[in-house]
Amino acid sequence: MDKISIVIPCYNMEKLVAKCIDSIKNQTYTNFEAIFVDDGSQDRTKEVIEENIKDDDRMKYVYKENGGLSSARNFGMEFVSGKYLCFIDSDDYVEKDYLMELYNNMIENGSDISACYFNRVYENKIDLNKVEEGFYNMVKFPAAWNKMYKSSLFKDNDILFPPGKWFEDLGTFPKLYMMSNKKISIVKKPLYQYIQNPTSITHTFDERIYHTYDMVKTNELFAKENNIYEEYRDELEYINVYHILIGTVYRSSFIEGFDTDTVKDIVRHVEEKYPNWHENKGISKLPIFFKIYLKALHHRQYRLIVFLLKLLNDKITIS
């Protein structure tokens, strides 16, 4: 059995990390190493982790000064020795066959990346999220977790998580996808349990929502540096469509001063690079609501968009 490395970034997780640890301990695939990266926690995270891993030599606790999620993941990767690599967030947990299913799927399909369905776990409900093959589908939710990677994808291509940024997964997964030569396969089971935080950036306005611009740019520069930009131009354009024209506009709608000028500025940012974004092939794979929204955006119906988003923003789900 090949060794699988798991990197678990932790910050002030004294109340939740024990459940995450238990779910890893109970894996049916046993040849793994779990690296818990304490990103400068101010609570009892250290004590809770050390108490819960003390009898399992497959698990390691490491500490670093606080630097954010990307920084913690990058630091954890310095300790990785497995042929395969997973990330689990410390407030989430996984099913007992998580590693086994992802590993078998990867081996059977000759994949570089293996992904699985996941559940969004709310206080009063659980929503199943299916992951479908193909760039246009997978990039809508480019989370580092719910996936297993060949460790060499990161090492051989000098891929790290962008430090100090929101939406760091958006600045990482597309690079991994492009360098995997599309060798990606899906386990159609919800093996990852994604705990929902009502104050997460998905439903919050903060100036850092515009970090999507930086994440999109880093993917485009990476593609150009590796001479694959033209091969993936349509896919890179689609990231702008989904994560900026849909995602960033949506998140902007939570600010009190959200208006047509906000929308115009965001559209202008994309159109400077991709003037024909409305013809992107990935749009055909979107739900009808987003198709109608994007058509309205293309036809400059900004007042209608502002009105509808202010009315419906708490009822819309953006990955």
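# Exercises on a predicted model

Aspartate 169 touches Arg73, Pro142, Ala143, Ala144, Phe161 and Pro174, leaving out residues up to four places away in sequence; contact means heavy atoms within 4.5 Å. The model is predicted: local features need pLDDT of at least 70, side-chain atom pairs count only at pLDDT 80 or more, and totals for chains, interfaces and linings use all residues. Residues are numbered from 1 along each chain as its sequence is written, and side-chain values use heavy atoms, with hydrogens and water left out.

**Exercise 1.** Find what phi aspartate 158 and phenylalanine 167 have, and give their accessibility.

Solution. Step one: most residues other than glycine have a negative phi. Step two: aspartate 158 has a positive phi near 50°, and phenylalanine 167 has a positive phi of about 60°. Step three: aspartate 158 is in the loop between α6 and α7, and phenylalanine 167 is found in the loop between α6 and α7 as well. Step four: aspartate 158 is exposed at 69% relative accessible area, whereas phenylalanine 167 is buried at 13%.

**Exercise 2.** Check the length of α4 (residues 98–109) and locate its buried residues.

Solution. Step one: the expected span of a helix is 1.5 Å times one less than its number of residues. Step two: the 12 residues of α4 should therefore span 16 Å, and the end C-alpha atoms are 17 Å apart, which agrees. Step three: the buried residues of α4 are Tyr98, Leu99, Leu102, Tyr103, Asn105 and Met106. Step four: these fall within an arc of 160° seen down the axis of α4, so they line one face of the helix; the arc is that of the directions from the helix axis to the C-beta atoms. Just after α4, glycine 110 has a positive phi of about 60°.

**Exercise 3.** Describe how α9 (residues 233–252) packs on α8 (residues 211–225) and on α11 (residues 288–298).

Solution. Step one: the axes of α8 and α9 come within 10 Å and cross at roughly 180°. Axes are lines fitted to C-alpha atoms, for helices over the stretch in contact, and angles run from 0 to 180 degrees between N-to-C directions. Step two: α8 and α9 are therefore roughly antiparallel (under 35 degrees is roughly parallel, over 145 roughly antiparallel, 65 to 115 roughly perpendicular, the rest oblique). Step three: the residues of this contact divide into 6 nonpolar, 5 polar and 1 charged, where Ala, Val, Leu, Ile, Met, Phe, Trp, Tyr, Cys and Pro count as nonpolar, Asp, Glu, Lys and Arg as charged, and the others, Gly among them, as polar. Step four: α9 and α11 pack at about 85°, with axes 12 Å apart, and are therefore roughly perpendicular. Step five: Val241, Leu245, Ile246 and Val249 in α9 meet Phe290, Tyr293, Leu294 and Leu297 in α11, a contact with 8 nonpolar, no polar and no charged residues.

Technical notes:
Helices (H or I, at least four residues) and strands (E, at least two) are DSSP runs, numbered from the N terminus. Buried means under 20% relative accessible area, exposed over 50%, partly exposed in between (1.4 Å probe, protein chains only).
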